[in-house]
Amino acid sequence: MPRNALLLLSRLLLAALFVPSGFHALTDIAGTSGYIASLGLPLPTSVAWATGLFELIAGLLILVGLKTPIVALLLAAFCIAAGFIGDDPTLAFMHSQMLMKDIALSGGFLALAMAGAGAYSIDGWTLKARRV
């Protein structure tokens, strides 16, 4: 499969996790802030809004391929940070699995940051326009 098609596919797959998650967080702020409060984080409602907006906007930027290297690096850091939040001993196995998922997602975002969004993206179109 050509490089640009694979980059598009990787952006679609990564965005498929963050766009719905951000949308859900924003449409259920009470539930999201309740979950965040259960983790012991301060200002749960503010954190819920910030997290939901970040996930939605960053996911959409990855989807369309705008400012991809910067957004991908921010999402990689977000995934690592999210992976280390919460340590309920009764959920130790599930937490370790989620941590590994977050680490793997970070790897995908780091690769995307390095490779860029490809030709089928806003980044690709604006780069092509600058060359003309």
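**Entry 1: Ile62**

I take contact to mean heavy atoms within 4.5 Å. The model I am reading is predicted. I looked up Ile62 and set aside its neighbours within four places in sequence. Ile62 is then in contact with Arg11, Leu14 and Ala15, with Thr68, Val71, Ala72 and Leu75, and with Phe109 and Leu112.

**Entry 2: the chain as a whole**

I next recorded the overall layout. The chain holds six helices and zero strands, and its elements run α-α-α-α-α-α from the N terminus on. Along the principal axes, the C-alpha atoms fill a box of roughly 55 × 30 × 20 Å. Of the 132 residues in the chain, 30% are buried. I also looked up contacts between residues at least 6 apart in sequence, and 70% of them join residues at least 24 apart.

**Entry 3: nonpolar cores**

Which residues touch the most other members of the largest nonpolar core? I found Leu14, Ile62, Ala72, Leu75, Phe109 and Leu112, in a core of 15 residues. Helix 1, helix 3, helix 4 (68-83) and helix 5 (92-115) are the elements that give two or more residues to this core. Helix 4 gives the most, with five residues. I noted a second, separate core of five residues, with Leu26, Ile29, Ile36 and Ala48 among them. As general background, nonpolar side chains tend to be buried together in soluble globular proteins.

**Entry 4: helix 1 against helix 3**

I then examined helix 1 (residues 3-27) and helix 3 (residues 44-64), whose axes come within 7 Å and cross at roughly 150°. Angles over 145 degrees count as roughly antiparallel, and the two helices are therefore roughly antiparallel to each other. Helix 1 passes helix 3 in a left-handed crossing. On the helix 1 side, the contact includes Arg11, Leu14, Ala15, Phe18 and Leu26. On the helix 3 side, I list Trp49, Leu53, Leu56, Leu60 and Ile62 among the residues that make it. By class, this contact of helix 1 with helix 3 has 15 nonpolar, four polar and two charged residues.

**Entry 5: positive phi in two loops**

Where is Leu43 found? I located Leu43 in the loop between helix 2 (29-38) and helix 3. Its phi is near 45°, a positive value in a residue other than glycine. Leu43 counts as exposed because its relative accessibility is 62%, and the cut-off for exposed is over 50%. Lys67 is found in the loop between helix 3 and helix 4. I noted that Lys67 has a positive phi of about 55°, although it is not a glycine.

Technical notes. Residues are numbered from 1 along each chain as its sequence is written. This is a predicted model: local features need pLDDT of at least 70, side-chain atom pairs count only at pLDDT 80 or more; totals for chains, interfaces and linings use all residues. Side-chain values use heavy atoms; hydrogens and water are left out. Axes are lines fitted to C-alpha atoms, for helices over the stretch in contact, and angles run from 0 to 180 degrees between N-to-C directions. Helices (H or I, at least four residues) and strands (E, at least two) are DSSP runs, numbered from the N terminus. Angles under 35 degrees count as roughly parallel, over 145 as roughly antiparallel, 65 to 115 as roughly perpendicular and the rest as oblique. A crossing is left-handed if the near helix is turned anticlockwise from the far one by less than a right angle, and right-handed if clockwise. Ala, Val, Leu, Ile, Met, Phe, Trp, Tyr, Cys and Pro count as nonpolar, Asp, Glu, Lys and Arg as charged, and the others, Gly among them, as polar. A nonpolar core is a set of buried Ala, Val, Leu, Ile, Met, Phe, Trp, Tyr and Cys residues joined through side-chain atoms within 4.5 Å. Buried means under 20% relative accessible area, exposed over 50%, partly exposed in between (1.4 Å probe, protein chains only).
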